[in-house]
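Hi,

Here is the structure I said I'd pass along.

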Amino acid sequence: MDRRRTRCPWWYVVGVVAALLAGFPRVVVADEIRILASNAVREAYSELLPAFEKETGHHVSVEWGGTVDILRRAGAGENIDVVVVPAGRVDSLITRGIAVKRTDLAASAIGVAVRVDRPRPNIATAEALSRALRDCRTIVISSGPSSEHMRALFERLGVAGEIEGKILQLAPGLSVGEALAEGHGDIGFTQISELLAIKGISYVGPLPAEIQSVTAFSAGLLKPSASPEPARALLIFLSGPNAAVVLKKHGLEPGSP
């Protein structure tokens with residue numbers, strides 16, 4: 001019997017190995033996605049981002065802050081993939097060549113809260129709100145989009161001159177709800193989503209419809225993104241139907257107004 005071994009051609013070996021590997025799941029390389037996001041979406045995204053990480057294997061590194069600071073950092077060319085700010089600000093980043101895509105994520109209305117030891121004021125109408133503003137000692141507003149509306153609203157209600165000395169406008173990134181809880185004001189106005197999770201305050205409700213302002217928050221995919229495809233996958237996830245339930249739970253409406 002001829003016991004000599006016959007060597008298999010290289011192409012045969014390669015074919016066998018390829019066939020074996022085809023039976024195993026493909027390995028997906030995990031990427032890090034860096035986000036700067038408005039405090040308005042903080043509570044909802046603190047729940048949504050871990051779900052995205054579990055589903056995809058990607059890691060999301062997020063920093064929360066005010067719109068002004070987020071735009072400053074994006075404009076300075078930091079290594080950031082996505083920003084979440086008011087929709088108009090994303091449009092400005094696109095115009096400046098800093099962002100390449102806008103994805104509408106959520107709509108946020110302005111809410112009213114008081115310190116937990118304060119009586120809940122009547123805010124059912126513009127007239128009732130005017131009385132509540134005159135009766136309180138300190139009014140807390142943010143530095144974000146809601147503060148611009150509130151300043152204009154005080155003028156519209158005819159109380160701006162009377163209450164100017166009562167207004168405490170917070171520095172960028174600081175929380176109206178936390179300021180109230182710490183005793184720095186009697187009544188505060190900011191995005192509803194920024195008030196619901198704060199302990200030590202009473203959420204009174206939204207501004208009346210006739211004097212309400214709704215802000216659309218959108219994501220901007222930045223031009224120098226190091227992980228553009230994972231970032232796009234994240235934006236699809238955050239704008240999808242599964243995210244809608246979580247957004248509503250935290251006082252936000254999915255999509256744009």
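A113 stands opposite Y203 in β8, and β4 and β8 run antiparallel, joined by 5 bridges. Two strands count as paired if DSSP finds at least two bridges between them; helices (H or I, at least four residues) and strands (E, at least two) are DSSP runs, numbered from the N terminus.

Before going on: this is a predicted model, where local features need pLDDT of at least 70, side-chain atom pairs count only at pLDDT 80 or more, and totals for chains, interfaces and linings use all residues. Residues are numbered from 1 along each chain as its sequence is written, and side-chain values use heavy atoms, with hydrogens and water left out.

β4 has other antiparallel partners too. With β9 (residues 214-222) it makes 9 bridges, and S108 has T215 as its bridge partner there. β7 (residues 187-191) is joined to β4 by 5 bridges, with G111 opposite T190. As for cover, 13 of the 17 residues of β4 are buried (under 20% relative accessible area; exposed is over 50%, partly exposed in between; 1.4 Å probe, protein chains only).

Back in β8 (residues 201-206) sits S202. Why does S202 count as buried? Because its relative accessible area is 15%. Neighbours within four places in sequence aside, S202 is in contact (heavy atoms within 4.5 Å) with V112, A113, V114, R115, V116 and R120.

G57 follows α2, with a positive phi near 85°.

Cheers
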